[in-house]
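The following report describes one protein model for a reader at the start of their studies. Please look at the sequence and the structure before reading on.

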Amino acid sequence: MPDIIIGLILGMVEGLTEFAPVSSTGHMILVGHLLKFQGTDRASTFEVVVQLGSILAVVVVFWKRILSIVGLYKLPEEGTNGEKGHLNALHILCGMIPAVIVGGLFHDYIKENLFTANTVLIGLVAGGVIMIIAELFRRARPKATSLDQVTYGQAFTVGLFQCLALWPGFSRSGSTISGGLLVGMNHKTASEFTFILAVPMMVAASAKDLYESWDKLSVHDLPLFITGFVTAFVVAMLAIKYFLKLIDKVKLTPFALYRFAVAVVYGLLVL
């Protein structure tokens with residue numbers, strides 16, 4: 001299959017699934033398995049490149065909020081749109097710490113042992129169960145209905161749930177949105193906090209992986225990488241905006257059922 005076609009397919013998969021609670025890593029592994037594009041340094045580096053495309057989409061969509069967190073932009077005062085810019089870098093740090101520690105300790109083990117189709121299927125099912133539990137036990141009246149109402153304790157707890165996503169197939173957004181619901185955020189706030197938290201987490205992880213694989217890059221790979229990066233960026237931009245409108249209406253349960261269906265169908269047809 002031509003590199004550009006592979007780049008388009010996997011770029012679309014990454015863009016559609018990175019911020020939906022269905023596990024982008026899991027889908028990339030499963031689709032890569034179908035395309036016989038996995039298990040090589042080239043494939044691993046490509047996954048990092050397309051992930052950076054998705055990260056850039058978050059930065060573009062939430063650029064005002066991100067700049068306000070680092071002190072480079074002042075959000076309008078309350079009375080204009082209700083946001084006063086209370087979410088700050090310490091919230092993000094609280095959300096990052098658990099996964100940074102756990103991921104740092106087990107990074108090599110995870111990369112060498114967990115990136116398989118079998119482990120992804122387990123993660124899809126287990127993550128779906130957690131999402132349904134979150135819907136069943138979420139607060140009827142959320143404490144945080146906007147990003148500026150998120151507390152440091154809530155941010156840290158969401159960070160603990162983010163550790164689940166170190167297992168491929170669990171889904172980072174599925175885990176963190178579930179954690180947000182259980183600690184009193186509404187669906188939109190939990191989703192927005194998840195997306196913003198993704199930026200430093202994914203940039204750090206991608207930069208590390210890209211640095212380690214830099215010597216394996218080749219100019220001949222540019223069409224594949226550029227196609228995947230641009231496709232992931234464009235599709236992720238559309239997916240983020242659509243998902244934020246959708247999540248308040250459909251909640252997490254339909255995504256959990258989708259995960260179960262993917263696990264069953266893939267398991268029956270491929271494994």
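Phe 243 is buried, as its relative accessible area is 4%; buried means under 20% relative accessible area, exposed over 50%, and partly exposed in between, with a 1.4 Å probe and protein chains only. Phe 195 is likewise buried, at 0% relative accessibility. The model is predicted, so local features need pLDDT of at least 70 and side-chain atom pairs count only at pLDDT 80 or more, while totals for chains, interfaces and linings use all residues. Residues are numbered from 1 along each chain as its sequence is written, and side-chain values use heavy atoms, with hydrogens and water left out.

**Aromatic pairs**

A pair of aromatic rings is described by the distance of the centres and the angle of the planes. Rings of Phe, Tyr and Trp (its six-membered ring) pair if their centres lie within 6.5 Å; planes under 30 degrees apart count as stacked, over 60 as edge-to-face and the rest as tilted. The structure has seven aromatic pairs. In one of them, the ring centres of Phe 195 and Phe 243 are 5.9 Å apart and the planes stand at 55 degrees, so this pair is tilted. Phe 195 belongs to helix 9 and Phe 243 to helix 10 (residues 222-250), so that distant parts of the chain, 48 residues apart, are linked. Helices (H or I, at least four residues) are DSSP runs, numbered from the N terminus. Ring pairs also join Phe 19, Phe 62, Phe 195, Phe 243 and Phe 255 into a cluster.

**Pocket and cavity**

Rolling a probe the size of a water molecule over the atoms shows where empty space is left. On a 1 Å grid over the protein atoms alone, a cavity is a set of points where a 1.4 Å probe fits but cannot get out, whereas a pocket is an open set with protein on both sides within 12 Å along at least five of seven lines; lining residues have an atom within 4 Å of a point. Grid points are joined across faces, edges and corners, and a volume is the space filled by probe spheres set on the points.

The largest pocket has a volume of about 1500 Å³. It is lined by 50 residues, of which His 107, Lys 111, Phe 115, Ala 205 and Asp 209 are the closest to its centre. Helix 5 (89-113) is among the helices that supply at least two lining residues, and its ten residues are the largest share of the pocket lining.

The structure also holds one cavity of 30 Å³ or more. The residues lining the largest cavity are Leu 10, Met 28, Gly 32, Phe 37, Ala 43, Phe 46 and Glu 47. Helix 3 gives the largest share of this lining, three residues.

The table lists both linings by class: Ala, Val, Leu, Ile, Met, Phe, Trp, Tyr, Cys and Pro count as nonpolar, Asp, Glu, Lys and Arg as charged, and the others, Gly among them, as polar.

| Lining | Residues by class |
|---|---|
| Largest pocket | 19 nonpolar residues, 19 polar residues, twelve charged residues |
| Largest cavity | five nonpolar residues, one polar residue, one charged residue |

**Cysteines**

How many disulfides does the structure hold? The number is zero, where a disulfide is a pair of cysteine sulfur atoms within 2.5 Å. Cys 94 is in no disulfide, and the nearest cysteine sulfur, that of Cys 163, is 13 Å away. This distance of 13 Å between the sulfurs of Cys 163 and Cys 94 is too far for a bond. Cys 94 counts as buried at 14% relative accessibility, and Cys 163 counts as buried at 18%.
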